[in-house]
Amino acid sequence: LGLIKIAEDGLFEDSRSHHKLPEQQTQRERLLACSCAAESLATLKNLASRNVLPGSTITPLASSLCRLLSAAETDISNNTECKQTEDSVFDKGISTQKTFVASNSAEILWMMLSNESTCCQASDSLLDAIDVDLSLNEADSENGNVDDSIYSASGSIRALSAAMFGDPPSVKGVPLLRFFWEPVINLLGKVASTIFRGSCNSLQVGFSLVDDQMNPITLSKSVCRKKQLLVIVLEIVLALRRLIDSEMVYGNGDLCPNEWMSLIKALDVGLSPWLMYPAIFDEQFKAGKIQNIDQNLQQEIFAEVMILFSQVQGFLLKCSQSKLRPFHHIADDECREHLHKFLLRRICPALARIGDAESLALAVMKSWCVVGYLPFRDGNWSKSAVDLLVEANASILGSGSQYPGGYAHSPEVRLEAFKSLVDDYNDKGVSNLSAIDSESVSTVTSASFFHCDVPDLSLFSLTRNLRDLHLELIQKILLPQIIAILEPNYKV
């Protein structure tokens with residue numbers, strides 16, 4: 001604890017006033033203080049690598065290291081360009097020492113989180129630091145003060161997410177931390193949501209295509225006036241991107257059902273509101289409701305959220321083109337359905353106002369149709385087909401739709417849903433039914449798909465020789481939806 005106290009005193013020495021000292025002497029003392037901080041952390045890193053840190057110091061040590069990590073990286077980012085003055089050599093030296101402080105702090109935290117004897121204590125300390133309510137820091141933000149809890153939260157998010165999810169594809173996460181994935185994802189979503197008024201305690205996924213999802217989002221004064229609060233949101237976005245990089249971009253979506261549901265909730269309450277940022281920002285800025293905004297940070301958050309959802313889109317396309325077809329990378333039916341409906345009902349209508357919603361919706365449709373519709377008489381194939389058409393042809397109440405007829409999705413997306421039920425799929429194009437009989441296909445089990453070359457047939461082809469099921473598909477599923485499109489007053 002004495003070493004970490006030296007590091008903290010050294011790093012924050014340059015923020016203290018030296019009005020009675022000459023400028024050059026002040027710069028020398030700042031360089032000396034930062035050097036002491038870097039050396040003390042190097043000693044701590046040596047102790048951590050030998051696993052001789054006392055157990056009683058793990059909790060306060062983890063909290064202090066997170067503050068040092070965040071404060072050092074913030075100072076470095078604020079002083080990336082050294083002025084060409086007589087003191088520029090000192091400034092570069094100070095920046096170099098702060099870089100050592102940040103790197104040593106991150107390495108010590110990684111050692112603590114990857115060690116069985118210190119993993120739980122360090123993780124608990126970081127989780128406590130992350131659990132902050134950004135809306136309660138409004139007074140300090142307006143006064144220009146940054147609470148230590150903000151520094152701790154920012155550093156904790158970066159350290160814990162890096163240790164849990166790694167830096168794909170080169171660095172893998174710590175396997176010991178897999179147990180914490182679900183609570184950490186839930187916590188990140190909750191903290192990110194506190195930056196919006198009235199959404200601090202909500203973690204419910206709302207799948208409703210109504211006007212409330214189109215309502216303007218009011219940004220709190222603390223969001224607009226304090227950069228450090230936006231830094232926490234950006235760290236959360238980057239943490240969730242690490243997860244998506246690890247499991248979707250470079251992985252196969254190997255998340256358990258609870259982790260999938262936590263991720264969907266975090267994306268819903270914490271990140272999806274930022275898709276409305278361009279329109280909301282313009283309206284509130286013109287009305288004078290937002291002043292002194294760090295636009296670069298808000299734009300960076302918006303850009304990262306857009307990239308994140310484009311990566312989800314790429315993962316869904318990868319699922320639809322996988323050799324595992326007709327089996328999906330997301331094995332749990334409920335999680336797969338929630339992800340598809342969340343993207344169709346919440347994200348696509350928001351993207352329709354600012355970007356390309358059609359490509360995401362088409363990717364969802366292709367992913368939805370990966371799972372083959374084996375026409376068991378007592379199965380849920382009928383419900384799955386109906387749900388697909390209902391989602392594709394959903395309408396938005398009021399004037400929020402960007403497409404004729406009040407539909408939530410473009411005609412190409414709705415056509416893709418119908419094609420998935422009628423057209424067969426294989427790598428070479430549309431197949432025929434001459435090589436296989438639909439009555440025999442209906443008795444194929446999941447396991448037998450891996451031992452025989454069964455084509456991925458549409459529901460229309462699979463039921464062709466099963467008259468009652470074929471009529472049910474046409475009369476009760478396809479025709480009602482087609483009539484509803486041609487006759488707007490017709491109710492399905």
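Which residues in α7 meet which residues in α8? Keep in mind that what you see is a predicted model. From α7 there are I157, L160, M164 and F165, and they meet W181, V184 and L188 in α8. Sorted by type, the residues of this contact are seven nonpolar, no polar and no charged.

Now the geometry of that pair. Two packed helices are described by the angle between their axes and the distance between the axes. Helix α7 covers residues 148-165 and helix α8 covers residues 181-193. Their axes come within 12 Å and cross at roughly 145°. The crossing of α7 and α8 is left-handed.

Next, the core. The largest nonpolar core has 117 residues, and the members that touch the most others are M112, L240, W260, L263, W274, F309 and L343. Helix α10, residues 227-249, supplies the largest share of this core, with 13 residues.

Take L343 from that list. Setting aside neighbours within four places in sequence, L343 is in contact with F309, V312, L316, C348, L360 and V364.

Last, helix α16. This helix runs over residues 381-392, twelve residues in all. From first C-alpha to last, α16 reaches 17 Å, close to the 16 Å expected at 1.5 Å a residue. Its buried residues are W381, S382, A385, D387, L388, L389, E391 and A392. What do the buried residues of α16 pack against? They pack against α14 (333-354), α15 (357-368), α17 (411-422), α19 (459-462) and α20 (467-486).

That is what I had for today.

How values were computed
Residues numbered from 1 in each chain as written. Predicted model: local features only at pLDDT ≥ 70, side-chain atom pairs only at ≥ 80, totals over all residues. Heavy atoms only, no water. Helix = DSSP H or I, 4+ residues; strand = E, 2+ residues; numbered from the N terminus. Expected span 1.5 Å × (residues − 1). Buried < 20%, exposed > 50% of the residue type's maximum accessible area, 1.4 Å probe, protein only. Contact = heavy atoms within 4.5 Å. Core = buried A, V, L, I, M, F, W, Y, C linked by side-chain atoms within 4.5 Å. Axes fitted to C-alpha atoms, helices over the stretch in contact; angles between N-to-C directions. Left-handed = near helix turned anticlockwise from the far one by under 90°. Nonpolar A, V, L, I, M, F, W, Y, C, P; charged D, E, K, R; others polar.
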